[in-house]
Amino acid sequence: MIETRGLLKRYGQLVAVDGLDLSLRPGEVYGFLGPNGAGKTSTLKMLAGLLSPDAGTIRVAGVDMVASPQEAKSHLAYIPDRPSLFPELTGLETLRLVAGLYGLDPAESEGYGARLLEGFGLSAWGDERTGTYSHGMRQKLCFAAALLHRPQVLILDEPMVGLDPQGGRQIKELLRSQASQGVTVFLSLHTLEIAEKLCDRLGILHHGRLLLEGTVEEIKAAAGSRQDLEGAFLSLTQEGSPMAAPGGEA
Amino acid sequence: MSWADLTQALWLIVRLELKPRLGAWRRWQAGEWARACAGLLVAFVFLALVYGLLRPTFGFLARQEGLGPLLIARLSQVLFLVFFSMQALSQLITSLSALFLDRGLELLLATPLAPRRLFLARFMRSWAASAWMVALLWVPVALAMQRALGGGAAFVLWALACLVGLSFWGAGLSTLVLLASLRLVAPGRLRRAMTLVFALMACALVLVVRAMQPEKLTNAGNTMAAAEWLRQFRLPQPGWLPSAMAANALDGFHNDPAAGLGWMALLWLGGLALLLAVALWGGRAYLPLWLRTRDAGGGKEPARGGPWEGLLGRLWARPRGWVASLCLQEAARTLRRDTQRLQFLFLGTLVGIFLFNLARLPMQDPEVASLHDPLFIASAGLSCLVLLAVAARFAFPAQSLEGEASWLLRTAPISSARYLAWRWLGTLALLSGLGLLLFGSCVLALKPSPRLLLAGLLVMLTAPMAITSLCVGLGAAWGRPDMENPEDMVTGGSGLLLLTLAGLYLLLSLGLLVPPLGELSRLAISHRFTPRWAALLLPAACWLLLQATAVALPMRYGHQALARGQGA
């Protein structure tokens, strides 16, 4: 469902993403882990069509993102790490804007949007401007907006940040439910506990390169210890570790 | 307030403001340095143009026997009043932001740093921020005056000292007004109150223009009338106003040095005393006021709905595609955002003043008949500048106004080319409508010759397209979604570059029309039908090429930047 080959992104002299090869299946929840500055957000933005890669290919639902960005974008939804919305629009107007941008049927999207708002506990806030929303409410509205066009791929950058325990649980359940319906979920995370419970597979990114990918057990085994995921992650990404060194084994 | 407070405040400015900027400059790459050099070059050209315009004006005024000193004195009064207003207004806006709305204040006030020291640092920073550009603009004015009146380098320094003294008053009075106002209203509301103040100021400007009755000067044959007008003309400013003090101090340099020195002492000592009073009072009142504004919601208070809310609600409820959705989003953002409404007010006033004064020109006077064509050229040029001002205020910062929410639009299945084309067409429609109104008014009021009518029509049909392209394309390429007030883009370096490019385009566009139109006139007068093709076709071809380039290049530049993911 998502496939990248030799993905490369540079900012001046800095190589943020360095020859990344990824392959995600339909219905899979893939967690992207890595220290700050590893290149996770740049990768996610390239997958969402927000940044153009300097080299390499991206295919979303079989469509080349560089050659046909519009078609590729119509299959995916992206939620940024900071849930920024137009503060002058109300919650309902935001959903109507998204429906218009994706060319959805107004009557159908109106009903589905109302159900999504209700599902996220935002019904009473639909007519309020998003500038008055709390961080968690904006995050939930972003989810509602992302799901409105029923995407085949969800790309989420740190989706759990700023959510209360109930909200966090609701999102986890939602992601699992989407995955069970065949939606591919690609998310970056810092909370390893959530990654362990939520993700089918994990990829560890460091200095723009994919150090390792696999199930939690495979990663623990590759780290060569009986530690938990946190210990494995730390030992893998520790500066000086053979894998973390530039040119190390991937 | 002690010496330690002052040194600590200066340390804060160096540590928090200057060092990070110096660090950022060190990390600049070739492209950023090139842009900065281009900006500096544009600023230098702009200042040189101001000097080039004022130098002959002051020279001409100084040569008028009997009236010369009076004319210069009146002009310096007007200039000081304008500079004082600019600086005071700028201080009001920058200090509101620096002292109360800045997101970093929460972190700074949570440290053991004494609030009075933070106030002092931010107050000094606001003064520097509001005064430097005004002082820089004053340099060519002072140099032009010195060339016309003499006095050497001492006069230039004296004139600069007048402006610095004036800036103390501007900073002190504005900050006092700000602190006093915030005891009554929250910062968010104060912004809206400032909208009302600007509206009143705009009305006052119209009244001042009417009080001056400039149309009397169009009676060019009667110099006595002009002289009488000048003698009767008094600016509505009493002698104790800081701008009048500065004008008196400057006037005294040549005419009465003792009085000049006295005014200068009053200006500086009074200004410094005012700054000290503000520092003492503000230092004590700052923390309680800041806490109060936080309780009131800071600057995040959403704008209240206006009379257009019902219409917007009905439009949102209708079936729509991406074009209608984007239009509605743009309309909602424009109508519900205080700063955007303020822009509307400014531009509405600009158009109103233009049309009002056009209607008041005494065109029936037979002595003015010969001025129809020159006045038409000036009015058509002004119309183009009004269009440029509208596009620069609305279309240029539009990309940046999307802010961090731009991901919603950029991840949607709409190509950046289609998105830019939508913005271009929307802006062009509005600009063409406004252009038609202004141009039609000029034609009706001034009844130009057919040759000028044709030239004006050509410019009015093409200028909106090029101006829209420049503002939309460059606005996308130079967009700054992280800016707190994207509306300020037009007054920054990129805005200056845009205005210079647009000004160059307008000059070239008009200049290239002159030879073919002249040739057509020659043919019409001589009744010959063998044109000089080189004079007719070459400039016309260059003119067409200019139009095509001015429309296509900026849009291509903007599209490439968006496709690369600039600002994402």
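Predicted model: local features only at pLDDT ≥ 70, side-chain atom pairs only at ≥ 80, totals over all residues.
Helices here are DSSP runs of H or I with at least four residues, strands are runs of E with at least two, and both are numbered from the N terminus.

Residues are numbered from 1 along each chain as its sequence is written, while chains are lettered from A and ligands numbered from 1 in the order in which they are written.

Next I looked at α5(B) itself, residues 115-149. Its 35 residues reach 48 Å from first C-alpha to last, close to the expected 51 Å (1.5 Å times one less than the number of residues). I also found a kink of about 30° centred on B:Ala131; the bend is the angle between axes fitted to the seven residues ending there and the seven starting there.

Then I looked up chain B as a whole. I got 20 helices and zero strands.

Last, I checked where the chains meet. 31 residues of chain A are in contact with 31 of chain B (C-beta atoms, placed from the backbone, within 7 Å). On chain A's side, α2 (69-74) and α3 (91-101) are the elements giving two or more residues. The largest share, six residues, comes from α3(A).

Notes
Contact = placed C-beta atoms within 7 Å.
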